[in-house]
Amino acid sequence: MKFAEQSVTMPLAEAMLQYKNESVYPLHTPGHKGGRGMEPLLRQELGNSILMDVSLMSELDDIHEPESCIKTAQALAAATYGSDACFWAVNGTSQAIHAMLMTALKPGKKLLLPRNAHRSVAGGLILGGIEAVYLQPEYNEEFGLQMQISPQAVAKALAADKNIKAVLLTSPNYYGIAADVQSIAEICHAHGAVLLVDEAHGPHLGFSQLLPPSALQSGADACAQSTHKILGAMTQCSMLHVQGQRLDLQKAADVMSILTTTSPNYLLMASLDAARAQVQAHGRKMAEAAVAAAAKLRTLCKKYAGLKVLEANDCHGLLLDSTKVTVNFAVWGYTGVEAGELLRQAKIAVELVDAQNVLFLVTYADTGNDYDQALERIDTVLKYLEQHKKTPQKNPAAQPVPSTKTVLPLREVFYASKKSIPLAQAGGCICGEQISFYPPGIPALLPGEEITAELIAYCTAMKALGLPVSGPADSSLQNIRVIQTA
């Protein structure tokens with residue numbers, strides 16, 4: 001996607017290019033020495049980019065103690081998004097989420113969060129020794145989707161437990177459904193709690209009124225964004241933003257330093273710098289392009305009778321990022337997995353499949369003839385599915401994750417002795433590992449939770465759909481690790 005050129009600066013990327021163009025001989029890491037020693041096939045595929053795989057040279061700055069180009073680049077990112085400080089996360093949004101939690105809460109303190117938070121949150125709870133207080137999000141029966149926790153539920157929970165000092169939202173969620181962040185921020189602050197937002201799927205928000213407002217615009221104290229998911233950064237590149245006086249910026253910097261490798265990949269960081277420059281210059285046009293591209297896909301899908309496409313009026317009054325196109329195939333008797341497999345055979349790879357739905361992720365880059373040709377292939381698959389409709393069946397995996405209770409804190413379980421037993425025999429035991437179906441990576445079971453017959457049936461049904469399981473030692477899910485009590 002090309003836009004009219006605007007004058008923007010990319011401090012780190014420009015410093016790396018200068019170093020490359022000086023033709024300095026590298027008697028330093030990395031060991032492939034500008035590609036000279038790299039395996040030939042990979043060297044050929046990487047091309048000139050390998051010359052920018054550089055190391056911790058003084059003129060390229062240090063992410064742990066930035067003083068020059070990285071410091072300037074992070075400041076530009078903060079200015080672009082309206083935060084007081086931005087920290088680059090080269091270990092993905094998981095790192096940024098861990099840092100948010102450890103910045104906001106001391107060990108032993110409580111965090112209020114939705115039960116369908118991403119699996120990375122559990123890692124932050126373990127690292128920080130933080131106690132979780134869960135809320136169940138609202139549920140959309142028609143699409144079989146978990147939505148968001150409500151402001152009313154947050155207010156009730158905070159009023160009931162004065163020891164909750166932070167609230168975490170996932171907004172927008174995987175399907176583009178945004179929480180009422182502004183109302184929840186006001187409630188949190190009235191109760192003396194900070195609001196943290198996992199905004200992995202929202203680095204493009206705030207640049208156009210065609211999309212929901214960003215977490216920062218809505219009053220959040222910090223947010224973690226996957227710049228690589230929606231914008232132009234390379235995979236693994238994310239940002240942590242902090243604003244206001246409720247969080248200590250120096251502590252955030254200290255925590256990020258602890259969690260960041262001492263050998264960060266400068267190509268990754270340069271892509272963060274470039275993605276920021278691009279959205280700074282063209283954010284509104286990029287958002288408008290993404291919305292327009294998604295509208296073409298929505299129009300295509302909605303021409304098929306009975307096929308349901310998630311729209312804003314399906315979201316119980318919540319806002320929807322329309323660039324996430326969720327299509328429900330249950331009325332035709334197909335699971336999302338089956339529809340996704342047929343699309344893949346047509347050389348269309350989708351973002352997510354679940355028991356009923358296929359999720360298409362559309363961005364500003366989805367323009368031109370290749371996107372139009374992709375839409376034609378999607379149309380061909382939809383015609384086939386319509387012509388070969390099956391009798392709809394009740395799918396047990398299309399129900400909400402059965403509720404359970406937490407018996408032991410995550411950190412205690414992490415260090416506890418465990419044993420492996422058949423999943424079918426695990427009823428009544430305490431779960432010793434995380435069970436997620438990925439994507440979207442929402443835990444069906446967390447360590448420390450009681451394993452119930454309903455959860456066993458749910459996990460079995462999800463596995464039978466063919467969804468990849470993430471977390472357990474036995475990925476076949478025949479066995480599960482439980483706390484060893486004797």
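User: Which element gives the most to the lining of the largest pocket?
Analyst: With 4 residues, α4 gives the most to that lining. The model is predicted, with local features needing pLDDT of at least 70 and side-chain atom pairs pLDDT 80 or more, while totals for chains, interfaces and linings use all residues. Numbering runs from 1 along each chain as its sequence is written, and side-chain values use heavy atoms, without hydrogens and water. Helices (DSSP H or I, at least four residues) and strands (E, at least two) are numbered from the N terminus, and the name asked for is α4.

User: What is the volume of the largest pocket?
Analyst: On a 1 Å grid over the protein atoms alone, a pocket is an open set of points with protein on both sides within 12 Å along at least five of seven lines, a cavity is a set where a 1.4 Å probe fits but cannot get out, and lining residues have an atom within 4 Å of a point. Points join across faces, edges and corners, and the volume is the space filled by probe spheres set on them. For the largest pocket this comes to about 770 Å³.

User: Which residues lie nearest the centre of the largest pocket?
Analyst: The lining divides into 28 nonpolar (Ala, Val, Leu, Ile, Met, Phe, Trp, Tyr, Cys, Pro), 18 polar (the others, with Gly) and 4 charged (Asp, Glu, Lys, Arg) residues. From this lining of 50 residues, those nearest the centre are Tyr174, Tyr175, Pro439, Pro440 and Ile442.

User: How many residues of α4 are buried?
Analyst: Buried means under 20% relative accessible area, exposed over 50%, and partly exposed in between (1.4 Å probe, protein chains only). Among the buried residues of α4 are Gly92, Thr93, His98 and Met102. The helix is mostly covered, and of its 13 residues the buried ones number 11.

User: Which element gives the most to the lining of the second largest pocket?
Analyst: This pocket has a volume of about 450 Å³. Its lining has 20 residues, with Pro66, Gln74, Cys86, Phe87 and Ala253 nearest the centre. Two or more residues come from each of α3 (69-81), β1 (85-89) and α9 (249-259). The most, 6 residues, comes from α9.

User: Which residues lie closest to the centre of the largest cavity?
Analyst: The count comes to 2 cavities of 30 Å³ or more. The lining of the largest cavity has 10 nonpolar, 4 polar and no charged residues, and its largest share, 5 residues, comes from α10. The largest cavity has a volume of about 90 Å³. Of its 14 lining residues, the closest to the centre are His204, Leu231, Met286, Ala287 and Ala290.

User: What is the volume of the second largest cavity?
Analyst: Its lining includes Leu113, Arg115, His118, Tyr134, Gln434 and Pro443. Helix α5 (residues 119-128) gives the most to this lining, with 4 residues. By class, the lining has 8 nonpolar, 2 polar and 2 charged residues. The volume of this second largest cavity is about 50 Å³.

User: Which bond from Ser171 is cis?
Analyst: Pro172 has its place in the loop between β6 and β7 (177-178). With omega near -5 degrees, the cis bond is the peptide bond from Ser171 to Pro172.

User: Is Lys347 buried or exposed?
Analyst: Lys347 lies in the loop between α11 (336-345) and β14 (352-353). Although Lys347 is not a glycine, its phi is positive, about 65 degrees. Because its relative accessibility is 67%, Lys347 counts as exposed.
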